[in-house]
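Biologist: I would like to learn how to read a model like this one. Can we take it feature by feature?

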Amino acid sequence: MEDMLKDFTLGEQLLLVGNQGVGKNKIVDRFLHVLNRPREYIQLHRDTTVQTLTLQPTVQDGVIIYEDSPLVRAVKQGHVLVVDEADKAPTHVTCILKTLIESGEMHLADGRRIVSATSGLQASPQVIVAHPDFRMIVLANRPGFPFLGNDFFGAMGDIFSCHAIDNPDKDSEMSMLRQYGPDVPEPILEKLVLSFGELREMADQGLIAYPYSTREVVNMVRHLQKYPNEGLTSVIKNVFDFDSYNSELREVLITTMQKHGIPLSASADSIKLAKEFPLPDLELVGHWKIQGQGQRKVTSLMALPVETSRLGVKGPVSLRVESLSFERTESRAKSFSEQEAFWNVPVHETNIISDLTVSLAAFRSPGHNKNDIIHVGTANPVGLYSMNPRTQTASFLDMYDVFPMVTGSYRPHVRIQALGAPLDDTVILHEEVTNTILSVNFETGEVNRLLCPSLQQTQPEKRKFTSPTQTKTSPYRMCKSTLPDEFGTVVFYKQNEDFLEVLGLLEGVVNTVPLPLHVQHVHQVAAQQWMCVESGTNKKFLVTRSALEDYQLQSMDEDPVSQVLKVSSMPMNEAVLSAAMRKPTSGPNRMLVTSDSYATVALGFPDTDAATLYRSPRAPTEDSLLPSVLKGNKPGTPSASPSIVYLPQCGQVVRAMPNWKAPEDVVPKDQRANISGFLEVTDLPNQKLRYIAVPG
């Protein structure tokens, strides 16, 4: 409207050209409302003649009389004449408007004549002097199919100031629809905007004939606002019923709607939820006793010495943030299953997805995008994809030039960790082969290398030919965390060595913490608290940080000794915990995953000095199925992929497993060929076990 105002102020006549239903009338109404200008409205059609353009028949007291048309009234009174559907009238009729605009004169059918305000003639019964404020705004559809109008722009566009009106962008359309349907759920509005936006793109490409406009979406939203109990599918059918007779177009519409989560043509046979199995009941398995102050043992409660050094930063190096198109495909429209949506990551043929992490919306800084950001780390070459699951785009950082080019058997192993506020735009990337630690700003593309004396970089082997044996890596590991803290903490450790390296990114320091044990694994159990597992014995110790340089060590007596694969860092809430225990239960707790259980609940851990362990037993995992770091591999072998995830809000444990390891009766044998693996979901509160198929 700003451009329209400029031309209107200069005395130009306006022509708005756009597809049907894009909002040309709404724009003009708002434009004239803001200017406080009265208007006259006339709509043309294929039967419009020169006489009906200037005279308007009306009935008064049973007698037909002819009055001035809106055009003549606008000329007399200085109003703005809005001519709608100008492309529908014959060209010889609309050319009358061209004469009026160019010369300011026009002959009427009853013998009167319109003359320009600058003609010098006096107004009389036969002479109508145009008001100096008279303006004309003409609305027309684009020429050609499917509107089948004349080429109004080609015939008369030279005398108008022309403005092309397109459908609004996604954010503008969403804002408008919220006003039409304030009670319609936001996901429904988003599905409608995305699906109809894709249909319009297909119309622009010539794949379909009719360009479905914003008008159809507005009508559906208004219908849903008034009748909220009516399903979205039935409302959409009101728009597409006529097109359903064209089988080819119908297939296109169904595919597009299903892609964006609208179950058009869905049936009861489309429900394909995973089969449920009963989960073994929880049973008491043992106790943990945490040694505290006053218990006279060598490792009861020990204040650990700390060596503090400055964290070196090399950089930054600015990389180009490449914007990629990520099409989100809704999965539940075609067949209703646990899979909600999927994206295809455009990786190279030789590239491998190595790790992923999430910047949670709850841990983002004020003013940042309040959506989760999914980060995908790749290897060969090393790169980082960052995507908002609610949008259709993602950013990509290609770090091909950051890592040294080594020929032969060099195969990088990447682990990534997203940080919380105020570093929520940063991802820590650890490449284990060379022990390279990078701080990556996924929004600006700035990459810094983090350096400290105790975390030395290693050189990969340089061989001309790839070795069939496994690539050797450094023994350094990163303890991944999902909890933000005030220091920007990232913990590293060296397998079979006796220290922790705690990086404080906000303070710019590194704490080297010696330990009276050789560490095999480190699990975060709370903010500033970690459980260290001793190599060879599986004995557990708690390391607690109470200040920047204040660390304490507590030993844990365990009976019997268990092999812990995963420890949650957040407790279950009281409702979830009570459902899992089958009785009202409250207090500190953690969820564990061990080699001989689907899930284990540690009541009282880590806040009390005694914890009781209840497990849902499973058959012992075969050695060949365990991750490499749990099979006694020597330090220097790649770390296991993160295959176990804990969901604290619902108390579920999800672990990835290969196709052949799942029970035989999960899916029919003839369907296994199309499945790449399964997600084993342990639903402890509901005592259910599910195996969700991952499509191949």
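Modeller: We will go through confidence, sheets, helices and hairpins in turn.

Biologist: What is the mean pLDDT of the protein?

Modeller: This is a predicted model, so confidence comes before geometry. The mean pLDDT is 84, and 91% of the residues reach 70 or more.

Biologist: Over which residues does pLDDT stay under 50?

Modeller: Where pLDDT is low, the predicted coordinates should not be read in detail. Here that applies to residues 623–642, where pLDDT stays under 50. The model has 45 contacts beyond four places in sequence for that stretch.

Biologist: Now sheets. Which order do the strands have in the sheet with parallel pairing?

Modeller: Strands of a sheet pair through backbone hydrogen bonds, either parallel or antiparallel. The parallel case is an open sheet of 5 strands, ordered S2-S5-S9-S1-S10. Its edge strands are S2 (39–43) and S10 (161–165), and each pairs on one side only. Neighbouring strands are turned by 20° against each other on average, direction ignored. For detail, take S1 (residues 14–18): S1 and S10 pair in the parallel sense over 5 bridges. Leucine 14 has serine 161 of S10 as its bridge partner.

Biologist: What lies across S2 and S5?

Modeller: Helix H4 (residues 70–77) does. H4 runs at about 160° to S2.

Biologist: And which strands stand at the edges of the antiparallel sheet?

Modeller: That open sheet also has 5 strands, in the order S16-S22-S21-S20-S19. S16 (322–325) and S19 (352–359) stand at its edges with a single partner strand each, so one side of each has no neighbour in the sheet. The twist averages 25° from one strand to the next. Within the sheet, S21 (residues 383–387) and S22 (residues 393–398) pair over 5 bridges. Serine 386 stands opposite serine 395 in S22.

Biologist: On to helices. Which residues of H1 are buried?

Modeller: An α-helix has 3.6 residues a turn, so residues three or four places apart point the same way. In H1 (residues 2–9), the buried residues are Met4, Asp7 and Phe8. Down the axis they fall within an arc of 100°, so they line one face of the helix. The face turned away from them carries the exposed residues Glu2 and Thr9. The cover over the buried residues of H1 includes S1, H2 (24–35), S5, S9 (135–140) and S10. After H1 comes glycine 11, with a positive phi near 90°.

Biologist: What span should H5 have?

Modeller: At 1.5 Å a residue, the 13 residues of H5 (residues 91–103) should span 18 Å, and the end C-alpha atoms are 18 Å apart, which agrees. Its buried residues are Val93, Thr94, Leu97 and Leu100. They fall within an arc of 95° down the axis, so they line one face of H5. Exposed His92 and Glu102 sit on the face turned away from that buried side. Glycine 104 follows H5, and its phi is positive, near 80°.

Biologist: Last, S31. How many of its residues are buried?

Modeller: In S31 (residues 529–534), 6 of 6 residues are buried. Gln529, Met531 and Val533 are on one side, and Trp530, Cys532 and Glu534 on the other.

Biologist: What hairpins does S31 form?

Modeller: S30 (residues 509–526) is joined to S31 by 6 bridges and runs antiparallel to S31. Their hairpin has 2 residues between the strands, and glutamine 528 in the turn has a positive phi of about 65°. S31 also forms a hairpin with S32, with 5 residues between them. Glycine 536 in that turn has a positive phi of about 85°. S31 and S32 (residues 540–547) pair in the antiparallel sense over 5 bridges.

Note on methods
Residues are numbered from 1 along each chain as its sequence is written. This is a predicted model: local features need pLDDT of at least 70, side-chain atom pairs count only at pLDDT 80 or more; totals for chains, interfaces and linings use all residues. Side-chain values use heavy atoms; hydrogens and water are left out. Two strands pair if DSSP finds at least two bridges between them. Helices (H or I, at least four residues) and strands (E, at least two) are DSSP runs, numbered from the N terminus. Axes are lines fitted to C-alpha atoms, for helices over the stretch in contact, and angles run from 0 to 180 degrees between N-to-C directions. Contact means heavy atoms within 4.5 Å. The expected span of a helix is 1.5 Å times one less than its number of residues. Buried means under 20% relative accessible area, exposed over 50%, partly exposed in between (1.4 Å probe, protein chains only). The arc is that of the directions from the helix axis to the C-beta atoms. pLDDT is the predictor's confidence in each residue, from 0 to 100.
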